[in-house]
2 protein chains.
Amino acid sequence: MADRLPQLELGNQLCFALYSASRASIRAYGPLLAELGLTYPQYLTMLVLWEASEPLTVGDIGARLHLDSGTLTPLLKRLEDLGLADRTRDRADERRVLVSLTERGRALRADAAGIPERIFRRYGLDIAAAQRLVRELTEITGALTRPL
Amino acid sequence: MADRLPQLELGNQLCFALYSASRASIRAYGPLLAELGLTYPQYLTMLVLWEASEPLTVGDIGARLHLDSGTLTPLLKRLEDLGLADRTRDRADERRVLVSLTERGRALRADAAGIPERIFRRYGLDIAAAQRLVRELTEITGALTRPL
DNA sequence: CGCAATAATGTTGTGCACAATCTAACCGAA
DNA sequence: TTCGGTTAGATTGTGCACAACATTATTGCG
């Protein structure tokens with residue numbers, strides 16, 4: 001039997017499955033991130049900064065997270081208020097803002113290190129299955145992000 | 001080689017892959033939904049209402065979409081303002097609010113019918129792969145939603 | 001050089017999400 | 001019957017997302 005074309009049924013819709021799973025995972029992370037005083041998008045931003053050896057511009061962070069300045073500017077100001085990051089205009093190009101971690105921001109990495117594992121254990125997720133899923137999702141994201 | 005435990009790397013994180021893919025799909029739907037004058041969560045709510053033969057309570061809709069009244073109450077008022085839905089207190093239980101479609105709301109279903117297919121064609125998504133993915137994502141959502 | 005085009009970030013306004021709290025309505029046992 | 005507990009929905013406040021636009025800085029071309 002041929003695969004049916006996508007129907008107007010909630011249960012069959014890939015977009016709804018993605019939307020539900022994403023929000024469920026954010027809710028799952030919530031309590032653990034609250035221990036660090038972070039929201040979920042703030043945590044993602046810290047991941048980007050922890051991985052970078054150099055200060056990043058707002059645009060660099062936005063490119064990795066697919067977020068624009070309208071979202072990032074206030075978020076980064078909150079990270080600054082928390083004492084986790086610094087924002088300084090780039091002397092060499094005054095249009096840019098360089099975001100770097102404070103000592104406190106770097107130190108927080110150790111506290112965050114166990115979070116993914118705690119989530120996987122707590123909810124009994126399979127690591128190999130998750131890695132496969134990550135690959136498929138990355139591909140979907142790429143397809144949907146491609147310019148038409 | 002054993003599968004590694006989840007690391008603090010953006011690219012390996014299931015939660016980020018879900019978050020990115022969900023937002024990418026919402027962005028992809030955006031222009032098509034704008035033709036109908038709907039946002040993405042409004043579209044999901046309309047899907048639920050189109051599938052139901054009876055009026056649904058706010059709680060019914062929330063159970064299907066995993067949304068609470070704090071999100072749904074204003075959203076449903078907007079659908080009411082658009083002339084797509086009616087909200088009336090249940091005479092039999094004055095705590096409840098019954099949400100039903102207007103004639104215009106029902107008529108909009110025909111305009112929405114082609115949207116999933118247009119998305120799949122436009123972005124070259126594979127239907128069979130998507131259906132497999134929906135099953136895996138539904139399972140993940142279930143696992144993450146399970147009470148501890 | 002002069003200046004139009006471009007680039008990076010910031011601002012504004014709308015609409016979710018969700019936690020916390022509130023209010024009104026229902027239910028059930030003493 | 002009444003009153004304590006529960007339920008359904010609304011409200012409030014915070015923080016994203018994102019479109020549209022504003023601002024300032026840089027760049028490249030004539």
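**Aromatic pairs and their surroundings**

Mentor: Happy to, and let's begin with Y40(A), which is buried, at a relative accessible area of 5% (buried means under 20%, exposed over 50% and partly exposed in between, with a 1.4 Å probe and protein chains only). Y29(A) is buried as well, at 4% relative accessibility. This is a predicted model, in which local features need pLDDT of at least 70, side-chain atom pairs count only at pLDDT 80 or more, and totals for chains, interfaces and linings use all residues. Residues are numbered from 1 along each chain as written, chains are lettered from A and ligands numbered from 1 in written order, and side-chain values use heavy atoms, without hydrogens and water.

Over all chains, the search finds 10 aromatic pairs; Phe, Tyr and Trp rings (the six-membered one for Trp) pair with centres within 6.5 Å, and planes under 30 degrees apart are stacked, over 60 edge-to-face, the rest tilted. Y29(A) and Y40(A) are edge-to-face, because their planes meet at 70 degrees, with centres 5.9 Å apart.

In chain B, F16(B) and Y19(B) form a tilted pair, 6.3 Å between centres and 40 degrees between planes. Both F16(B) and Y19(B) are buried. R23(B) lies over the face of Y19(B), 4.5 Å from the ring centre (a charge sits over a ring if NZ of Lys or CZ of Arg is within 6 Å of the centre and within 35 degrees of the normal).
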